[in-house]
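Please keep the sequence and the structure in view while reading.

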Amino acid sequence: MQIQSRSKRTGARFYDSLSAREFESKLEIPSGKDPTQNAWLTITLNYSLNFADSKNRVPGLVVTDGSGNFFAKPSNPTAKAMPIKDWDFKSQTEFARKFAKAESFWNHKFLLITPQDYDAFDFTSFGGPGWICRPNVICLFRLGSGGSPNHLKLNVVRAEGFFRSDQFTYDDGDVNDKTVWHELGHSLDQLHIRALLGDPFCTTPANINHNICYTEPKGVKPNIQGTGTGLIPQNAKAWHELIAQHTETSQSKWRVSMNTKVPPRKLQMGFQVRGVMPKNW
Ligand SMILES: [Zn+2]
């Protein structure tokens, strides 16, 4: 499956695919020593970088004209092959560093508010009068270099001129703008902004390439899965789905907050009636 996107850097279009919908997740509950500590839901996406050039001729990607010139061939047959430069240690290191740093765009941006009738995270805090605390869930994102299993095997080229990237093939410039954040959004199982907002036209496989699906509806600010770099609660899609799986509850009971500092709810222990907790709090 391929979808069309737009590079901010060049204004040109490129294709990115959504097939690498794999990552792993871990839910961790606080020990209870700190009454202000929320729980953690961490998504880890393991990846590897393969630097393709004339010395590392990735089949189907690196082609030659037979005169010593090398080109990168985009996966989309209508896109143009572009001349490439060889990598050196410095350019590889710089790409690897910037790619790893892109993790921070998706890390710690959302909080899941624990439902009123879900008590499995509750802990007791015995400072002062004593409290029952109900942690919320912080959404974390980790890019794992070389981790196993490998969820995302990237080939990277140094194209001279505009190269049409896809989810598995990056150009070295893609880490210099929002492209990498957008692509990671796809790796986090997100389509484009209109699909995220539930527009049935844009969730239909035949239409996900459509320009309108990148365009935020009136009242929605430029979004990373649209024309900008903003985030809204719908961008928490993967965490929101995963918390329901981890806790075997209905996803609709969990509210996504963009305020990641909402502390655990606290109920004073005296509030219990003959040792019985109120049903919802
Ligand atoms: Zn896209």
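The points below are grouped by topic.

The structure is a predicted model. The mean pLDDT of the protein chain is 87, and 90% of its residues reach 70 or more. Over residues 1-21, however, the pLDDT is below 50, although this stretch has 53 contacts in the model beyond near neighbours in sequence.

- Strand β12 covers residues 152-159 and is mostly covered, with six of its eight residues buried.
- In general, strands of a sheet pair through backbone hydrogen bonds, either parallel or antiparallel.
- Strand β4 (residues 39-51) pairs with β12 in the parallel sense, over five bridges. Within this pairing, Leu154 in β12 is the bridge partner of Leu49.
- Strand β13 (residues 169-171) also runs parallel to β12, and three bridges join the two. Here Val157 has Asp171 in β13 as its bridge partner.
- Strand β7 (residues 82-85) pairs with β12 in the antiparallel sense, over two bridges. Ala159 in β12 stands opposite Ile84.

**A three-stranded open sheet**

- Three strands form an open sheet in the order β9-β10-β15, with antiparallel pairing.
- The edge strands of this sheet are β9 (123-125) and β15 (265-268), each of which pairs on one side only.
- From one strand to the next, the twist averages 30°.
- Strand β10 (residues 131-134) and β9 are paired in the antiparallel sense over three bridges. Cys133 in β10 stands opposite Phe123.

- Helix α6 spans residues 237-247, and its buried residues are Ala238, Trp239, His240, Leu242, Ile243 and Thr247.
- An α-helix has 3.6 residues a turn, so residues three or four places apart point the same way.
- Trp239 touches Leu41, Ile43, Phe110, Leu112 and Cys139, not counting residues up to four places away in sequence.

**Nonpolar cores**

- In soluble globular proteins, nonpolar side chains tend to be buried together.
- The largest nonpolar core has 40 residues; Leu41, Ala72, Leu112, Val137, Cys139 and Trp239 touch the most other members.
- At least two residues of this core come from each of β4, α1, β8, β11, β12, α3 (179-187) and α6.
- Another core, of seven residues, lies apart from the largest one and has Ala195, Leu196, Cys202 and Cys213 among its members.

**Backbone features in loops**

- The peptide bond from Ser148 to Pro149 is cis, with omega near -5°. Pro149 is placed in the loop between β11 and β12.
- His108 is not a glycine, yet it has a positive phi of about 60°. His108 lies in the loop between α2 (103-106) and β8.
- Is His108 buried or exposed? His108 counts as exposed because it has 12 C-beta neighbours inside 10 Å, and the cut-off for an exposed residue is 12 or fewer.
- Glu248 is likewise not a glycine and has a positive phi of about 50°.
- Glu248 counts as exposed because it has 7 C-beta neighbours inside 10 Å.

**Lys98 in helix α1**

- Lys98 is found in helix α1, which spans residues 89-101.
- Why does Lys98 count as partly exposed? Lys98 has 14 C-beta neighbours inside 10 Å, whereas a residue is exposed at 12 or fewer and buried at 20 or more.
- In sequence, Lys98 and Val180 are 82 residues apart, while in space they are 9.4 Å apart, C-alpha to C-alpha.

Key:
Residues numbered from 1 in each chain as written. Predicted model: local features only at pLDDT ≥ 70, side-chain atom pairs only at ≥ 80, totals over all residues. Helix = DSSP H or I, 4+ residues; strand = E, 2+ residues; numbered from the N terminus. Pairing = 2+ DSSP bridges. pLDDT = per-residue confidence, 0-100. Contact = placed C-beta atoms within 7 Å. Axes fitted to C-alpha atoms, helices over the stretch in contact; angles between N-to-C directions. Core = buried A, V, L, I, M, F, W, Y, C linked by C-beta atoms within 7 Å.
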